[in-house]
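Subject: A structure for you to explore

Hi there,

Here is the structure I promised to pass on to you. Have a look at it first, then read my notes below.

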Amino acid sequence: MTVIPGRQATGEVRADAEYPMERDLRALFGQSRAVFAAFAGPEHVLETANPAFSVAMGEAGAHTGLALAEIAPALVDQGVIAMLDQVYRTGESCTGRDVLVVLDGGEPVREGFFDFTYEPRRDGVGAVIGTRMIGVETTQIRHAQRLMIEQRALVEQIARQAPLAEVLDGMARCIEDLAPEQVLVSVLLADHDGRHLRHGAAPSLPEFYNEAIDGIATGEGVGSCGTAAHRREPVIVTDIGTDPFWDDFRELAGRAGLAACWSTPILARDGSLLGTFAMYHRSPRVPQDSDFALARVFADTASLAIERHHIEEAKVAAEARAEAALDELTQALHAEGKLRAEAEQRAEAAAELAARMRNAAAAQAAAPHPELCQLGGPEGCTEPAELKIADSWGDAAWGCTSHVEEAILNVRSVFIASEELGGLAAFLDR
């Protein structure tokens, strides 16, 4: 018994008090079916049986007076008749575990697994007059075990950050394998804007169909998936041939051999759209509670996988942005260093020009106007001395227009000066 905190334990758990996962599993696997039949004589002629036995054996199961081998010939090869023969012969009960039984002779054929108990029937003096068979179907138990195994495997894939396409493809194949009737599974992923759906996984649908619906818009009446994404709730189309939601896709579905489509939105924890999970069928079909439960269970698994994928994508994008910002910072620091070096070079050049001026001023303090530029440095300058410059300390020199311009731009407090006033006035002397 499950006791929900805050509720009084009454010996019974209400359905609305169950956790969603438990409720879905109960809907999926329900109660195991028990069969009973009593047989007479060594031929195991059916005398009586419960309705579950008749359903399991098909239409012939309802007819008493027939030998079990006539009712269900497949049981001969499966060893059931041999076990009844042994019980009738020895008078001792025996059991059979996980006996595979063809449950219905119709289409599609369904196989089930049963645990059988075979017992002798005796008359008033203890003589064996027949046999009885009691069986409990274990198919659902086996399916439950497989579902748990597959669920655990998918969660482990998600935990180890397997590619999303690999996880979704494995999930789709798992559902197709677990479903009691043929189903074709499709998972579509929502764009970041939530307005379009992209192909995620559909291992059993034709490639031309997957390509055609890749990128469909979300909106009312856009097939089952586009509408489910728009409404944020399941959309069940039991007959594609007549449903108006499929008006624009009916010919495409016909070419793919699809007749029904049940779509469930895949939502994130905050309610945002992640994609859709669809179950297609080859013939018109109304879903059962177990179908809804299966869809919910795996839609939750898909949600976990897609959200984890988005988190990893965001992490990679953030790392890329951080790396780009680091590259930009490195480049800025490099540019700053280059500018600083250039500034230092200009400062050195300015100091050198200032030194040339002082040297020139000292050399020609009493000399007349020179003919050639005095600012050429050790290499000299052959250009005519056209302009006189001076600084605030009174140092002066004559130079060509190029060297004078360079000095004015790079040396502080440098003026074009008159020869008579030293460094106190500025004019052009040609």
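**A charged patch on the surface**

On the surface, E319, E323, D327 and E328 come together in a patch of negative charge. Patches are built from residues with over 30% relative accessible area and no salt bridge, with like charges joined within 9 Å and nonpolar side chains (Val, Leu, Ile, Met, Phe, Trp, Tyr) within 5 Å. Asp and Glu count as negative and Lys and Arg as positive, while His and the chain ends are not counted. Each charge is placed at NZ of Lys, CZ of Arg, CG of Asp or CD of Glu. The areas come from the Shrake-Rupley method with a 1.4 Å probe, and for residues only the protein chains shown count as cover.

Before going on, please note that this is a predicted model, in which local features need pLDDT of at least 70 and side-chain atom pairs count only at pLDDT 80 or more, while totals for chains, interfaces and linings use all residues. Residues are numbered from 1 along each chain as its sequence is written, and side-chain values use heavy atoms, leaving out hydrogens and water.

E319 belongs to helix 11, which covers residues 289-363. Helices (H or I, at least four residues) and strands (E, at least two) are DSSP runs, numbered from the N terminus. E319 counts as partly exposed because its relative accessibility is 46%; buried means under 20%, exposed over 50%, and partly exposed in between (1.4 Å probe, protein chains only).

**Salt bridges**

How many salt bridges does a search of the whole structure find? The search gives 10, where a salt bridge is a side-chain nitrogen of Lys or Arg within 4 Å of a carboxyl oxygen of Asp or Glu.

One of them joins R132 and E119, whose closest N and O atoms are 3.4 Å apart. This pair links distant parts of the chain, with R132 in strand 5 (residues 128-137) and E119 in strand 4 (residues 111-122), 13 residues apart. R132 is partly exposed at 27% relative accessibility, and E119 is partly exposed at 24%.

Another salt bridge joins E307 and R269, with closest N and O atoms 3.4 Å apart. E307 lies in helix 11 and R269 in the loop between strand 10 (260-267) and strand 11, so the pair ties together parts 38 residues apart in sequence.

Strands of a sheet pair through backbone hydrogen bonds, either parallel or antiparallel. Here, six strands make an open sheet in the order 8-7-6-11-10-9, with antiparallel pairing. Strand 8 (216-217) and strand 9 (235-237) are at the edges with a single partner strand each, so one side of each has no neighbour in the sheet. Two strands pair if DSSP finds at least two bridges between them. Strand 6 (residues 184-190) and strand 11 (residues 273-281) pair over six bridges, and L184 stands opposite Y280 in strand 11.

**A covered strand**

In strand 12 (residues 387-391), five of the five residues are buried. L387, I389 and D391 point one way, and K388 and A390 the other way. Strand 12 pairs antiparallel with strand 13 (residues 396-399) over four bridges, and with strand 14 (residues 414-416) over three bridges, also antiparallel. I389 faces A397 in strand 13, while its bridge partner in strand 14 is I416.

Enjoy exploring!
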